[in-house]
Amino acid sequence: WLLSTAPENHLTVEGLTRELARSRLRRHQNALEYHRRFVAHFVSVSRTHARPTSEDYEAISHEKENIQTAMDTASDLGEWTAVTTIADVVTASPGVFLLRGYWEEAVRSAKLALAAARKLNSDVNIWAHNLGLIHQHRHEFAEARRLYQESLAIETAQGNQGGIAGTLHQLGMLAHQQHYLQEARSLYFQRLELNSKLGNSSG
């Protein structure tokens, strides 16, 4: 009664049972240790299934709810690297959540990763850029532009020329998508000039 079956002989616990167990666990004397083990397990699951294969995508999809819970728990515990490690698998380049159309989960994961990057004071530009991409795919253009500009400001301050070129390109694509053709042309040209200076022939 407490379990249901999923494809490939997986067992899942019914929602109410999960909530009751979670409530009881919060009051348990070993709750902190259990939470840390839970996070560590799903960091391992994410790393194990980080390859771009249908089998790995399926494995991550089966654990989608647990992975989201692990990210929330890691954030609550201040385990910021765990948050970004999991998010890197499920949302970045482009990540199974995007490939499978789990848009809300993708946004939520990338937001957690951006918050974690700010706590770590590392890769904020990358996660702002990644979250911007998700918003652009969802046609949430204003938020995408804001995040790209945040990323660009950090890259400019760091002198990261390759990052600047990449974000200029994405801003150009955004302007192009919104039919701001003069702005798009200007941004593409800036990127072209920068890549020429960097010797990036494909760019």
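Start by selecting W127 in this predicted model. Leaving aside residues up to four places away in sequence, W127 touches T84, A87, D88, T91, A92, A110, A113, L114 and A117.

Now widen the selection. W127 belongs to the largest nonpolar core, which has 33 residues. Along with I60, I67, F97 and L114, W127 is among the residues that touch the most other members. Colour the helices next: α2 (31-48), α4 (64-77), α5 (80-91), α6 (96-99), α7 (103-120) and α8 (124-137) are the elements giving two or more residues to this core. Which of them gives the largest share of the core? That is α7, with 8 residues.

Then pick helix α3, residues 54-62. Here D56, A59, I60 and S61 are buried; you've already met I60 as one of the core residues with the most contacts to other members. To see what lies over the buried residues of α3, bring back α2, α4, α5 and α6, which are part of the cover.

Next, jump to I164, L171, L174 and L187. These four are included in a second, separate core of 13 residues.

Select L2, L3, L11 and V13, which make a nonpolar patch of about 370 Å². Zoom in on L3, found in strand β1 (residues 3-6). Is L3 buried or partly exposed? Its relative accessible area is 49%, so L3 counts as partly exposed, since the exposed class starts over 50%. The patch takes in residues with over 30% relative accessible area and no salt bridge, which is why L3 can be a member at 49%.

Conventions: Residues numbered from 1 in each chain as written. Predicted model: local features only at pLDDT ≥ 70, side-chain atom pairs only at ≥ 80, totals over all residues. Heavy atoms only, no water. Core = buried A, V, L, I, M, F, W, Y, C linked by side-chain atoms within 4.5 Å. Buried < 20%, exposed > 50% of the residue type's maximum accessible area, 1.4 Å probe, protein only. Helix = DSSP H or I, 4+ residues; strand = E, 2+ residues; numbered from the N terminus. Contact = heavy atoms within 4.5 Å. Patch = residues over 30% accessible without salt bridge, like charges linked within 9 Å, V, L, I, M, F, W, Y side chains within 5 Å. Areas by Shrake-Rupley, 256 points an atom, 1.4 Å probe, with all protein chains shown as cover. Salt bridge = Lys/Arg side-chain N within 4 Å of Asp/Glu carboxyl O.
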